[in-house]
Amino acid sequence: MGTLILAVTSLLLYSVGTALQALSFRGRVHTSIAITTLIGLLALTAHGLLIAQTVHREGGFDFGFFQSSVLISWLIAFLLLALNLRKPVQSLFLGVYPLAALTIIMGLITHSPSRLVPEDHYGMLSHIALSVTAYSLFTLAAIQAVLLYLQNRQLKQNYNSVLIRNLPPLQTMESLLFELVWAGVVMLILAIVTGALFIDDLFAQDLAHKTLFSLLSLIVFIALLIGRYTKGWRGITASRWTLAGCALLMLAFYGSKFVLELIFHRGG
């Protein structure tokens with residue numbers, strides 16, 4: 001199937017999923033988990049086939065800026081769809097589906113230098129897989145943190161908005177946030193460890209700044225978890241720390257790739 005057909009199919013399905021969630025959010029329609037899951041699976045299938053044509057190349061995988069973004073958005077949507085089967089995270093679809101659609105559009109209309117990793121470099125591929133999983137989990141955590149922040153602000157103002165009426169209770173929202181942060185921390189630690197094992201020269205491979213920001217973000221997330229269990233951090237405080245850690249992690253990945261590939265046009 002052609003790349004354009006797969007992209008259009010993915011965009012259409014993500015648009016349908018977003019529209020249904022928006023209508024459900026406003027109380028216009030009622031969507032069951034079965035319908036949400038079906039639309040999500042169809043979108044993920046088309047999105048995954050698109051990745052197979054754009055990321056996988058003969059002899060390796062292309063992890064350029066936009067190719068990586070398409071891959072990460074697929075994993076974010078996949079993790080959210082799986083999480084939705086056992087947790088009340090429907091509200092996150094309103095952020096994730098448009099994000100996935102945006103990365104697909106940018107991947108089609110833009111170009112970045114190739115960053116090819118050979119298929120037989122298993123150590124590097126494992127490092128990338130763990131890194132991508134960590135980024136995906138923390139992206140979900142960032143969206144959750146924004147919703148939790150807004151929920152806290154509006155509850156303190158006694159403002160009974162559409163957001164308040166549709167989100168789970170505050171305690172559930174906080175629990176979900178810290179579950180995502182815990183999972184992300186584990187994946188990030190494993191990614192850093194595998195990077196240390198399989199990357200020979202951080203400076204020669206333009207990875208020193210990426211490692212620095214990743215370590216700083218890890219420190220922020222660990223401090224958040226310590227603060228949670230020693231000082232009872234929650235609500236707006238937890239949201240701010242989560243967003244700060246996610247910002248550092250985005251600088252580590254997207255910031256470095258943007259500068260190297262789109263400004264200096266350096267491939268790999």
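Predicted model: local features only at pLDDT ≥ 70, side-chain atom pairs only at ≥ 80, totals over all residues.
Residues are numbered from 1 along each chain as its sequence is written, and side-chain values use heavy atoms, with hydrogens and water left out.

The protein chain contains nine helices and three strands, these being DSSP runs numbered from the N terminus (helices, H or I, at least four residues; strands, E, at least two). Along the sequence, their order is α-α-β-β-α-α-β-α-α-α-α-α. Of the 268 residues in the chain, 47% are buried, that is, under 20% relative accessible area with a 1.4 Å probe and protein chains only (exposed, over 50%; partly exposed, in between). The accessible surface, from the Shrake-Rupley method with a 1.4 Å probe, comes to about 13,100 Å², and carbon and sulfur atoms account for 69% of this area. Where contacts (heavy atoms within 4.5 Å) join residues at least 6 apart in sequence, 79% of them link residues at least 24 apart.

Helix H1 covers residues 3–25, and its end C-alpha atoms lie 33 Å apart. Buried positions in H1 are Leu6, Ala7, Ser10, Leu11, Leu13, Tyr14, Gly17, Thr18, Gln21 and Phe25. An α-helix has 3.6 residues a turn, so residues three or four places apart point the same way. The cover over the buried residues of H1 includes helix H2 (33–54), H3, H4 and helix H6 (162–166). After H1 comes Gly27, with a positive phi near 80°.

Helices H3 and H4 pack with their axes 9 Å apart and at an angle of about 155°, where axes are lines fitted to C-alpha atoms over the stretch in contact and angles run from 0 to 180 degrees between N-to-C directions. The pair is therefore roughly antiparallel (over 145 degrees; under 35 is roughly parallel, 65 to 115 roughly perpendicular and the rest oblique). Residues making the contact include Phe66, Val70, Ile76 and Leu80 of H3, and Phe93, Tyr97, Ala100 and Ile104 of H4.

Ser91 lies in the loop between H3 (65–83) and H4 (93–109). Its relative accessible area is 11%, and Ser91 is therefore buried. Beyond its neighbours within four places in sequence, Ser91 contacts Phe25, Leu147 and Leu167; Phe25 is also among the buried residues of H1.

Key: Expected span 1.5 Å × (residues − 1).
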